[in-house]
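Visitor: Please put the model on the screen. I would like to go through it by question and answer.

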Amino acid sequence: MRHAFIDQYAECRSPIHSLDPRLKLLSFLILLICVVTVSPGEYGKLAIYTALTLLIVFLSKIPVGFIAKRTLQIFPFILVIALFIPFMKNGVPGWHLFLTVLARGVLAVVILTVFLNSMPFSQCLKAMRFYRVPALFTSIMAFMYRYLFLIQDECERMFQAKASRTLRRNWPAEVRTFANIAGSLFIRSFERSERVYQAMCARGFRGE
Amino acid sequence: MHIPDGFLNAPTWIGSGIVSLAGLGFILGKIREKLRDKTVALMGVMSAFVFAAQMINFPIAAGTSGHLLGGVLAAVLLGPLPAVIVITVVLVVQCLVFQDGGVTALGANVLNMAFVGTLLGYGVFSIVRRIFRTPAGFLLAVFLGAWFSVVAGAATCSVELWLSGLVPLGLSLGMMAGVHALIGIGEGIITCLVVSFVLKARPDLVAVLNEETRHE
């Protein structure tokens with residue numbers, strides 16, 4: 001079915017895309033840490049990082065609308081912080097703190113979006129392996145990523161089957177059906193993991 | 001509840017990152033002892049399951065909808081330690097693939113949802129389970145555990161925001177816990193319904209029951 005929403009822009013061609021994943025991981029991580037450690041009121045630094053981020057966005061050729069959509073995800077959090085600003089009584093004036101956090105949050109999510117959408121997820125995992133992230137963890141991640149599509153499909157098929165068999169029902173029955181689908185999905189996923197493991201053993205898997 | 005990058009201050013995100021990393025290392029070691037070379041396949045596929053289950057939008061009253069967080073669900077079905085790993089993997093993928101939650105805030109998010117939420121929720125579940133040893137008591141324990149996991153996770157989140165000097169402690173704790181006490185009811189009901197389905201269909205898969213029969 002349709003899963004274009006994952007790794008949608010990974011195959012574009014741009015200077016950011018063609019950077020070595022290992023170098024990209026390191027440099028983006030450094031940039032990210034620089035951005036999130038800006039102290040309240042350091043607007044000069046923020047201006048430099050904003051310019052740098054805009055340059056990266058421009059170079060990456062990833063659609064601005066897509067990046068904006070991902071950026072909107074952090075706004076519930078910004079709202080919560082904004083709500084509490086009047087109640088804060090510490091040394092830093094509230095508006096400096098709020099503007100800095102807002103800028104840090106937006107810059108960080110834009111940087112992250114560009115970085116992670118400029119290569120397939122598998123490349124990112126490979127780069128993590130290079131920096132000695134334990135193989136056990138990256139293999140679980142790779143597995144999760146691989147089966148995500150399949151299990152998502154399975155879930156969608158069950159909902160299609162349900163939709164084609166039921167008309168609008170009362171609320172308790174509807175919620176129960178949803179829960180039964182989730183329960184079946186668990187059973188099917190568990191059984192699938194057993195089959196996958198057996199298939200791996202049959203092909204000579206001895207751990208790692 | 002996924003904290004984005006740029007909100008927490010350095011001591012908070014580095015501190016929670018170290019705590020989460022140490023905890024994860026310990027738990028991964030424990031799980032590998034028990035599951036051996038099955039670890040990767042089981043944890044990977046079950047993480048994908050929790051991810052997919054979180055995407056299901058349950059209809060709630062008046063046109064709103066909510067979704068499962070799945071910490072206590074995973075703990076009851078798979079056992080508490082595998083649940084921590086599964087929820088962590090889900091959080092990492094949500095961060096890396098969908099930019100939901102930040103990279104530097106990942107330690108804090110893992111701490112809130114995988115450790116505090118899942119383990120404390122499971123703790124509540126097993127205490128209530130010991131008090132009421134009936135099938136209805138089991139479901140009550142699942143409900144309370146799932147409810148508590150959501151509230152505890154939210155409370156930890158507001159403590160982290162307070163440590164970062166962004167919100168006053170009392171007010172934000174009250175508000176976050178209050179809002180999530182309501183969200184938790186939905187989580188509790190959905191978790192109960194899913195667990196009761198699995199209990200009917202494949203009781204042999206419910207890890208908590210398997211542990212108990214082994215001890216007897």
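Visitor: How many Å separate the centres of domain 1 of chain A and domain 2 of chain A?
Guide: This is a predicted model, in which local features need pLDDT of at least 70 and side-chain atom pairs count only at pLDDT 80 or more, while totals for chains, interfaces and linings use all residues. Residues are numbered from 1 along each chain as its sequence is written, with chains lettered from A and ligands numbered from 1 in the order in which they are written. The domain bounds, from an automatic or database domain assignment, are 21-126 for domain 1 and 134-202 for domain 2 of chain A. Taken over C-alpha atoms, their centres are separated by 34 Å.

Visitor: Which helix of chain A gives the most to the side that touches chain B?
Guide: Contact requires C-beta atoms, placed from the backbone, within 7 Å, and 59 residues of chain A are in contact with 54 residues of chain B. Helices are DSSP runs (H or I, at least four residues), numbered from the N terminus. Several helices of chain A supply at least two residues each to this side, including helix 1 (21-36) and helix 7 (135-165). The most, 19 residues, comes from helix 8.

Visitor: Is A:Leu148 buried or exposed?
Guide: A:Leu148 lies in helix 7 of chain A. Leaving aside neighbours within four places in sequence, A:Leu148 is in contact with B:Ala48 and B:Phe51. Because A:Leu148 has 23 C-beta neighbours inside 10 Å, this residue counts as buried.

Visitor: How many of the 23 residues of helix 5 of chain A are buried?
Guide: The expected span of a helix is 1.5 Å times one less than its number of residues. For helix 5 of chain A this gives 33 Å, which agrees with the 33 Å between its end C-alpha atoms. The helix is largely enclosed by the rest of the structure, because the number of its residues that are buried is 17.

Notes: Two residues are in contact if their C-beta atoms, placed from the backbone, lie within 7 Å. A residue is buried if 20 or more other C-beta atoms lie within 10 Å of its own, exposed if 12 or fewer, and partly exposed in between; C-beta atoms are placed from the backbone.
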